[in-house]
Amino acid sequence: MFIEISPEVYLIEPPNGGKFPHCFCIYIDGEQKILIDTSCGAENLLALQKKGVDIIINTHFHEDHIFNNHHFPTASVWAHKLDAAAIRSLDVFMDCYGDIFDAQNLWREFLDDIKLKPSPVHRELAGGETLDLGPWQLKVVHTPGHTPGHIGLWEEKYGVLVSADIDLSGFGPWYGHLCSNISDFLTSIELCRQMKPRTMISAHKGLIEQDIDRKLLAYRDVILTKEEQVLDFLKEPKNFSQLVSRQIFYGQRIKLDELYKWFEKMAIYQHLIRLESLGLVNHSGDTYYRI
Ligand SMILES: [Zn+2]
């Protein structure tokens, strides 16, 4: 379903409320036809193929944002320079997920399962540049943390921030890949706050118009609470397996399959990297302890 949110600009509502593997996408129906992210679901895809797409902007390299790029072979694809290589190559994609914790087969099976196709990227974007897209002038806001080249898109006239996977979901920020970075994520959330958007468009929640600052703070605090839990658990030294078995990232009530066990491991690893960088934790071999 296409919902007009400003003249000639439409929010595309995906199936299943925007949950993975879909995302809310945006279609700008001006002189040039622009599609922001492409994992919109089959029915929307058919409508978009009829309307035509000249330019695709991917907010980052994740599969639930680039999935349908290949259905628009004549479109020019734009993405941030730090995520472009992972969109172009599934080998780079898998490296960004993380070639550690015996992951190679896991990623190959995952990619075979979802049948993801790589996509060319014709234009590499940088933070700070403004894209004249007809009805919307979008400033590229580099918001790393979820991925290195994650971007938001800022329409100053309307006060709209397309915040992508700074998504304000109830689960909280997601940083379970080797290429994620929790400190960058926190900085990016703060950057979104400073912009004081009147409307945010989350890739997995859609339009958000109420209490945006409070919701951004609550979203940030999910990270800080998990960080406190890691520190609390480290009152006594723990090895990495013990830390992971606590399921601080996904929560203890969820039964994790192999894929999610790996994400749990990676997310805890990200917390440990950050806590070591803050000088709060150190490790000796496999044992982590508070300083
Ligand atoms: Zn993502």
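## Helices, domains and core of a predicted model

Colleague: At what angle do α6 and α7 pack, and are the two helices roughly parallel or antiparallel?
Modeller: In this predicted model, the axes of α6 and α7 lie 10 Å apart and the helices pack at an angle of about 170°. Angles over 145 degrees count as roughly antiparallel. The angle of about 170° therefore makes α6 and α7 roughly antiparallel to each other.

Colleague: Which residues of α7 make the contact with α6?
Modeller: On the side of α6, the contact is made by I182, F185, L186, I189, C192 and R193. The residues of this contact divide into eight nonpolar, no polar and three charged. On the side of α7, the residues that make the contact are D213, L216, Y219, R220 and I223.

Colleague: Which residues of α9 make the contact with α7?
Modeller: From α7, the residues taking part are K226, E227, V230 and L231. The residues of the contact of α7 with α9 divide into four nonpolar, one polar and two charged. From α9, the contact is made by I268, H271 and L275.

Colleague: With which residues is I36 in contact, leaving aside its neighbours within four places in sequence?
Modeller: I36 is one of the residues that touch the most other members of the largest nonpolar core, and C25, I26 and V162 are also among them. Once the neighbours within four places in sequence are left aside, the contacts of I36 are C25, I26, I57, T59, L153 and V162.

Colleague: How many residues of domain 2 are in contact with domain 1?
Modeller: The domain assignment of the protein chain gives domain 1 (2–219) and domain 2 (225–290), and their centres, taken over C-alpha atoms, are separated by 28 Å. Where the domains touch, twelve residues of domain 1 are in contact with residues of domain 2, and the number on the side of domain 2 is twelve.

Colleague: Which elements do the buried residues of α4 pack against?
Modeller: Helix α4 (90–98) is included in what covers the buried residues of α3, and those residues of α3 (residues 81–88) are L82, D83, A84, A86 and I87. In α4, the buried residues are F93, C96, Y97 and G98. These buried residues of α4 pack against α3, α5 and α9.

Colleague: Is K115, a residue with positive phi, buried or exposed?
Modeller: K115 has a positive phi of about 55° although it is not a glycine, and its place is in the loop between α5 and β7. K115 has 8 other C-beta atoms within 10 Å, so K115 is exposed.

Colleague: How many other C-beta atoms lie within 10 Å in the case of E8?
Modeller: E8 lies in the loop between β1 (2–6) and β2, and its phi is near 70°, a positive value in a residue other than glycine. E8 is partly exposed because the number of other C-beta atoms within 10 Å is 14.

Colleague: Which residue is joined to P21 by a cis peptide bond?
Modeller: P21 lies in the loop between β2 (9–12) and β3 (25–29). The cis peptide bond has an omega of about 10°, and the residue that it joins to P21 is F20.

How values were computed. Residues are numbered from 1 along each chain as its sequence is written. This is a predicted model: local features need pLDDT of at least 70, side-chain atom pairs count only at pLDDT 80 or more; totals for chains, interfaces and linings use all residues. A nonpolar core is a set of buried Ala, Val, Leu, Ile, Met, Phe, Trp, Tyr and Cys residues joined through C-beta atoms within 7 Å. A residue is buried if 20 or more other C-beta atoms lie within 10 Å of its own, exposed if 12 or fewer, and partly exposed in between; C-beta atoms are placed from the backbone. Two residues are in contact if their C-beta atoms, placed from the backbone, lie within 7 Å. Domain bounds come from an automatic or database domain assignment. Axes are lines fitted to C-alpha atoms, for helices over the stretch in contact, and angles run from 0 to 180 degrees between N-to-C directions. Helices (H or I, at least four residues) and strands (E, at least two) are DSSP runs, numbered from the N terminus. Angles under 35 degrees count as roughly parallel, over 145 as roughly antiparallel, 65 to 115 as roughly perpendicular and the rest as oblique. Ala, Val, Leu, Ile, Met, Phe, Trp, Tyr, Cys and Pro count as nonpolar, Asp, Glu, Lys and Arg as charged, and the others, Gly among them, as polar.
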